[in-house]
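Subject: A structure for you to explore

Hello,

Here is the structure I promised to pass on to you. Please open it beside this email, and then read on for what I found in it.

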Amino acid sequence: MNTSKTQRVVVIGNGMVGYKFCEKLVAKQKNGSRFSLTVFGEEPRVAYDRVHLSAYFAGKTADELTLAPESWYAENNIRLFLTDPVVDIDRERREVRSHHGVVVPYDYLILATGSGAFVPPVAGVEKDGVFVYRTIEDLDLIQSYARRARKGAVMGGGLLGLEAAKALLDLGLEEAHVIEFAPRLMPRQIDEAGSGMLQRQLESLGLRIHLSKNTQQITGDDTIRGIQFADGSALEVDMLIISAGIRPRDELAKAAGLDTHPRGGIVVDNFLQTSDPAVFAIGECAVVHHLIYGLVAPGYEMAEVVASRLLGEEKEFKPYDMSTKLKLIGTDVGSFGDPFVSEPNGRTIVYENKAKGVYKRINLAPDGKTLLGGILVGDAEQYNMLLQTCKNKTVLPPDPEDLILGSRGGEEAGAGVMGLPDDALICSCEAITKAQLCHEIGENGHTSIDALKKNTKACTGCGGCTPLVKDLIQGVLKQKGHYIRNVLCEHLDYTRQEILDLIKINGLKTFNDVLDKFGKGDGCEVCKPAVASILASLWNENILEQGRATIQDSNDRFLANIQKGGTYSVVPRIPGGEITPDKLIVIGQVAKKYGLYTKITGGQRIDLFGAHVGDLPLIWEELIDAGFESGHAYGKSLRTVKSCVGSTWCRFGVQDSVSFAIEVEERYKGVRSPHKIKSGVSGCIRECAEAQSKDFGIIATEKGWNLYVGGNGGSKPQHAQLLASDLDKETCIRYIDRFLMFYIKTADPLTRTATWLNKLEGGLTYLKAVVVDDVLGIADDLEREMQLLVDTFKCEWKEVVDSPELRKRFAHFVNVPEQKDPTVAFETMRGQIRAKEWSTSIHGL
C-alpha cells in the first residue's frame, strides 16, 4: 500500500461495522495521520448498537445505544454526512456522489452498507400495520402503532424474529404470535429437541408459536386485519413485524460494476478486497468464503483486517466461528462449533430436563477426546468454557458429561479459564486473547470490567465474553494473592453483601432507589432478582407491590411455578406434613372444581397442577378460607420442614419431631434468601425425615436435639455437618436464627447453603465460631433481624386475594379476564389430567 502521502478513505455506511473500521483505523495511526476519513450514513443518527436493539423497548434510549457521540468523529478529524446516502460510485475517477450532491474523491473505498430486512413477496405487505425490525426508526413506528393494537405477530422464528417477538411482549399486546416457515424455531442454530424445549419455554411466557406456516396473503383493506396461510388456516392480527432474514445491500456495488453473488452480496477475497483493488467490503454486505456473516463479531474482524492492510500489515480474514449465545425472552440459548454432528462423525451426549426447561447437547469427536460443538437451551452458564474447549481443541476430562452436568466428585470439570492457552480468543468481537487480558489485569492493573472495556474494548461488542472475562480477572488476581470482590454485575459494582448493607443503612425499598443511588444503567437479569431477594430479606414487604413485581424471577411474578402447557401449580403450606381430614377434603374439593392434577411430594405436601393463571386467585381464595397459606414453592425461601412421626406414634422416637417441625416451619415460612431452603426434623437417629440432606436438619437425641447445617440433595448431594449437639429447643431455634441470617447476609445470589459453606473461609469451624461462640459479636443482631422477618410475615396469596388491584395481574386476557388461555390442553393419565405434549416431536439422540 502506498503510504508516502495522506490517503483518502471513504466509508459508505455508518452501522456497527462501519464505525468499528473507523475506530480501528484511527487507533492504528500512531505516528501522525496517514489517512483522511469521510463517512456517509443514510440514517439520521450516528452508529448505534443493533445487537441490543430490543433494549429500546425496555427503556434504553437511543443515546445509550450510541457507540460514540457525534463529537468523537470531529475529534478524530472524520468528516461525517448523516441522512445522506451515497447514490453513485465512479470507479474511474475514484469518487463518490451522495444524495445531496456531495462529491468526495477516494484512494480507498470501504463498503459497509450492511443489510436490509428481507421482505417476502407476499400479497398485502404494503398495508398499514406491517413493519420491519432493523432500525431505531422502525422501532419508533412499531411502538407508536402498538398503542392501538391488540394482537401482533412476527413473521420469522430465527434470532431476529424472536427478538422482535420480545418487543411485542414488552409493548404489552394481549396476543403475541410467531410464524415460522420451518418445522422448528431457530433451525440454523439448534436441533429439533432443543427447539422443542425453547418453544415450550416461550409458550409458557405467553408467545403463541405457529410452525410450518407458509404465509400466502396479508388480509384487510388498507390496514392489516389478518394473515392467510397456504394450508387454508388464518390468523387474526392487527399488526405484523416481518423478520424473515436479511438481504445484503449490494445495489450500489452492483451499479458500479463490482462482482456480486447471484443470491446477493458483494464478492470479496480473503483480504475483503472486491473485484476493484481500491474497494473493500465488510460486514453483512460482503460474501467471503461463500458466506454472508450475519453476526457482529466477524464484521468487527473484517474491519480489523482492512484497517491492518491499509497500514501495510499482512492480515487476512479466515473462516469465522459462528457460535452464538443470547437470552431470548428470558431463556438462554447457545449454539457453538458444529451443533448438528451425528454418528459416525461424532458421539453425542444429551441432557434433557423438561421440568426445568433445560436441554444440553455436546458433540464429541469419534475418539471422545475433543469437543466438536453443542447446543444449550434454558441454561447456558457453561457456554463460554464449552466454546473455548471446542475452539482450542482442549483434551476432554475422563467423564465428558461433567462439562454439562458438573462434576459429581466436587472438583470442577476441566482446568477452567486459567487452563486455556495464551492465544485463546476470549473476546471474538475485538479479537482479544487471554494473554492480552492477563497482561492488562496483572501488569497494568485493570481489574474491573469497565477498565478492560476502556483499555481493550473487550466486552463492548455482543457482550457474550463478559462472564469469561470476569473469571479471568478472578483467576489472575488469585494467582497474585489479591483479595477478590465478587461484584454483582456491571450495573452494581458491589458484592451482594455490600449491596445488602447499603440498602439497609439507607432504608431503600425499591430497585429503582438502589439503582439511582448506587448503580448505573437499567439493570439486568442478574441484579434485578438479586436485589429483589435482598429487599424481601430485609423488609419482608409484598413482592408484587411498589414496582417490585417486574424485577422478580418469572415464577415469583405469578406466585406460582410455571409448568408445562402454559399452566401453573398450586402448593399450599402443610407444616411438618401434618394435615387434618377437613383440610384434605378441601384440597380434594378444590382439585375437583378446577380440574387439577394432585400429587403428594417428597416434602410431605400436596401439589396441585394444571391451573389456569386466571383461576389462581379463585383457587387460593378457597384454600385461604380453609386455613391454608402459601407454600412458597415458587420462591427463594423456606420450602418445607419434613418430619417423621417421632415419639407421637413411633416406638423408636425419643422426641416429638412433628411438633418441633411445625414450630420451625411456622417460624421461618416466607423468609427470603439467596436460594431455596429445605429442612427436616427426625425423631431419632434412624433419620426417617432425612434431616442430614437438608440446608438445616434437626435430629432428636435422648438429651435434646442435634443441629446439622449445609446439606442438600439434587445433582450434587451433600450431607449436612454437625453444628451443635444435645440442644434444648430454645437454643436450637436461636442457632438456626443466627445461621440463616448469617447465610442471607453473606451468600452470593443463587447459592445454596452447602455451596456457601464449602466456599466459606474457615468452613464449619468458622461458622461454629460465629453462630455458637459469637466471636463477631453479631448474634443479637442476627436474632433481632430474624425476629423482624418472623413478626412481619404476611401470606402473599392472602394479600392478593384481598386486593382487587393485585388480582388484576392474574388474567390471561386483560380485556376479558374471565376468559382462559385457549391453547392450554390436557389429556387423561391414570384417572387424572396432564398437559398435552407439544406438537414438536423429540427423538432420542
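Let me begin with a definition: two strands pair if DSSP finds at least two bridges between them. Helices (H or I, at least four residues) and strands (E, at least two) are themselves DSSP runs, numbered from the N terminus. With that in hand, strand β4 (residues 86–90) and strand β5 (residues 95–98) pair in the antiparallel sense over four bridges.

Before going further, a word on where the values come from. This is a predicted model, in which local features need pLDDT of at least 70 and side-chain atom pairs count only at pLDDT 80 or more, while totals for chains, interfaces and linings use all residues. Residues are numbered from 1 along each chain as its sequence is written, and side-chain values use heavy atoms, with hydrogens and water left out.

The strands around β5

Which residue is the bridge partner of valine 86 in β5? Serine 98 takes that place. β4 and β5 form a hairpin with four residues between them, and in its turn arginine 94 has a positive phi of about 50°.

β5 also pairs with strand β6 (residues 103–105), again in the antiparallel sense, over three bridges. Here valine 96 has valine 104 in β6 as its bridge partner. This hairpin has four residues between the strands as well, and glycine 101 takes a positive phi near 85°.

The chain as a whole

The protein chain comes to 26 helices and 38 strands. Along the principal axes, its C-alpha atoms fill a box of roughly 100 × 65 × 60 Å. A compact globule of 845 residues would have a radius of gyration near 28 Å, and the 30 Å of the protein chain agrees with that. The radius is taken over C-alpha atoms, and the globule rule is 2.2 Å times the number of residues to the power 0.38.

Of the 845 residues, 53% are buried. Buried means under 20% relative accessible area, exposed over 50%, and partly exposed in between (1.4 Å probe, protein chains only). Contact means heavy atoms within 4.5 Å. Among the contacts with a separation of 6 or more, 63% are between residues 24 or more positions apart.

The chain exposes about 37,000 Å², and carbon and sulfur atoms supply 48% of it. These areas come from the Shrake-Rupley method with a 1.4 Å probe; for residues, only the protein chains shown count as cover.

Some residues to look up

Is lysine 24 buried or exposed? Lysine 24 counts as buried because its relative accessible area is 10%. This residue is found in helix α1 (residues 16–28). Leaving aside neighbours within four places in sequence, lysine 24 is in contact with Tyr300, Ala303, Glu304, Ala307 and Glu430.

Threonine 215 is found in strand β13 (residues 215–219). With a relative accessible area of 11%, threonine 215 is buried too. Apart from neighbours within four places in sequence, its contacts include Val122, Met155, Ile179 and Phe229.

Glycine 265 is found in the loop between α7 (251–255) and β18 (266–267). This glycine is buried because its relative accessibility is 0%. Glycine 265 touches Pro248, Asp250, Thr260, Cys285, Val287 and Ile292, not counting residues up to four places away in sequence. The C-alpha atoms of glycine 265 and glutamate 284 are separated by 8.0 Å, although these residues are 19 residues apart along the chain.

Backbone details in the loops

Where does histidine 289 lie? Histidine 289 lies in the loop between β20 (286–288) and β21 (291–292). Its phi is near 55°, a positive value in a residue other than glycine. At 25% relative accessibility, histidine 289 counts as partly exposed.

Arginine 830 has a positive phi of about 50°, although it is not a glycine. This arginine lies in the loop between β37 (826–829) and β38 (832–835), and its relative accessible area of 71% makes it exposed.

Finally, please look at proline 344, in the loop between β23 (331–337) and β24 (347–353). The peptide bond from glutamate 343 to proline 344 is cis, with omega near 0°.

Enjoy looking around, and write back with any questions.

Best wishes
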